[in-house]
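Subject: Structure for you to look at

Hello,

Here is the structure I said I would pass on. Please open it next to this message and read the notes below with it.

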Amino acid sequence: MAIIETNLKQICKLVTDGTHDSPKLQPEGIPFIKGKHISNGFIDFANSDFITFEDHLEVIKRSKPEYGDTLFANIGTIGSTAFVGTDSEFSIKNIALFKPNPEKVDPKYLYYLVTSPVFQNHFKLSRSGAAQPFISLGTLRSRTFRCESDLTQQVKIASTLSAFDDLIENNTRRIQILEEMAQRIYREWFVHFRYPGHENEKLVDSGTKLGMIPEGWNIGTFDDLISFSNGYAFKSKELLKEESDECYRIFKMGQIKKGGGFDASKTKSYIKKDRCVGLDRYVLKSGDILMSMTDMKASVALLGHTALLNVDDRYILNQRVGLIRPNNSVSVSYPYLYLLTNSKPFIDDIRSRANSGVQVNLSTSGNKKTNVTIPPQEVNERFDVLSHPKFELIVNLQHENDLLIQTRDLLLPKLISGQIDVSDLDIGIGVRS
């Protein structure tokens, strides 16, 4: 091992795209990535904004991300980091771009160096600004830190850590496939009414804007299927930024993905359990469905979408998020409710009754009054037999990812600092060549 003291200026080129005005966003075009679109090492292209090709050309005059670069949010969401693992073109805003010098640093090692707690904490202490915190390029270039200088050792360290990220990415893809399979079954059965045995049943007019439904099915309200409650208004001064065994994680609407889903990496706030005496009804369980009850009028990206929780007694619910649990006599379970609440007809319907101001807000009473199709118990039970195992596997994969992330994050600072020699490790999960 050859640990040296250096700075970013000596091992990579730094450029930024934090000085220009934001171009007008488009419904499609070139992905436009900001700090909010990068987390846990990955770029969220699926939920990115877009700009025109012409605006993109103006942006890349200042910075063009390329395969092997590292992104570091130096304005706003400081410290969010991702490795550029694609040759596809995209643009960035409020992000510093680290282009590695191949003679000095392995690209993947540079990424892990930048994500290490020592590096992150070192530079976060150097931030300026109040309303919009930032770290200047000058600060990023000049501040010194310790790292491995031997390229062979760098590759070994990066390969060890990459093995964890490869497994996490594979599990994430499996989760996406399982959710897509469940969504297709849901649409086939409850939107197109092509469920087993549908050939022997005719469609009848429901008398509502839901249109035709199978004979024997009913129209009711969302309230007929669920119990609904709102989160607790925690005081910001009580919230902590670091987690401990004595804390609950605070579930906020920022952990709900655009289009639906749960992003545990967005968990940023914690509260001591002894501060939550008498708040048991807000403690969340696996299978709970959490709905975003508010959004900014200018975007309305999250409003009404839901996340499905995958763990018991670890999160407690914050205000502006609604808690949905199954409560019915016809065997409608959480997989059906999760898919229903993220379906376009349902989202469009509840948003049509939202209270609009600077923020757009859903009301508990408005959500409960939403008309829904209520299938017979037999259909619901058969759907649950198909869908429940898929969601159980999703939960297991999410738990596996949580463990992989914890192990990787424990190893990362020790490997980067030289506290552990990579040659002494035998983790048995394979490394990249």
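This is a predicted model: local features need pLDDT of at least 70, side-chain atom pairs count only at pLDDT 80 or more; totals for chains, interfaces and linings use all residues.

Residues are numbered from 1 along each chain as its sequence is written, and side-chain values use heavy atoms, with hydrogens and water left out.

Salt bridges

A search of the whole structure gives 15 salt bridges (a side-chain nitrogen of Lys or Arg within 4 Å of a carboxyl oxygen of Asp or Glu). In general, side chains of opposite charge can pair when their charged atoms come close.

One of them is between Lys-99 and Glu-66, with 3.0 Å from N to O. Lys-99 lies in strand S10 (residues 95-100) and Glu-66 in the loop between helix H2 (53-60) and strand S7 (70-73), so this pair ties together parts that are 33 residues apart in sequence. Helices (H or I, at least four residues) and strands (E, at least two) are DSSP runs, numbered from the N terminus. Lys-99 is buried at 17% relative accessible area, whereas Glu-66 is partly exposed at 42%. Here buried means under 20% relative accessible area, exposed over 50%, and partly exposed in between (1.4 Å probe, protein chains only).

A second pair is Glu-238 and Arg-275, whose closest N and O atoms are 3.6 Å apart. Glu-238 is in the loop between S15 and strand S16 (247-251) and Arg-275 in the loop between strand S17 (270-272) and strand S18 (289-292), so the pair ties together parts 37 residues apart in sequence. Glu-238 is partly exposed, with a relative accessible area of 22%, and Arg-275 is exposed, with 53%.

Asp-288 is buried, with a relative accessible area of 3%, while Arg-325 is partly exposed at 26%. Salt bridges that share partners also join Glu-66, Asp-69 and Lys-99 into one network.

Helix H3

Is helix H3 mostly covered or mostly open? Helix H3 (residues 107-115) is mostly covered, with 7 of its 9 residues buried. The buried residues are Lys-108, Tyr-109, Leu-110, Tyr-111, Tyr-112, Leu-113 and Val-114. At the start of H3, a side-chain oxygen of Asp-106 comes to within 3.2 Å of the backbone nitrogen of Lys-108.

A contact across the chain

Phe-228 is in strand S15 (residues 226-230) and counts as buried at 10% relative accessibility. The C-alpha atoms of Phe-228 and Ile-324 are separated by 4.9 Å, although the two residues are 96 apart along the chain.

A surface patch

Glu-201, Glu-215, Glu-378 and Glu-381 gather in a patch of negative charge on the surface. Patches are made of residues with over 30% relative accessible area and no salt bridge, like charges being joined within 9 Å and nonpolar side chains (Val, Leu, Ile, Met, Phe, Trp, Tyr) within 5 Å. Glu-378 lies in helix H10 (residues 377-417) and is exposed, with a relative accessible area of 55%.

Regards

Technical notes: A polar contact is a pair of N or O atoms within 3.5 Å; within protein, one must be able to donate a hydrogen and the other to accept it, and residues adjacent in sequence count only if both atoms are side-chain atoms. Accessible areas come from the Shrake-Rupley method with a 1.4 Å probe; for residues, only the protein chains shown count as cover. Lys and Arg count as positive and Asp and Glu as negative; His and the chain ends are not counted. The place of a charge is taken as NZ of Lys, CZ of Arg, CG of Asp or CD of Glu.
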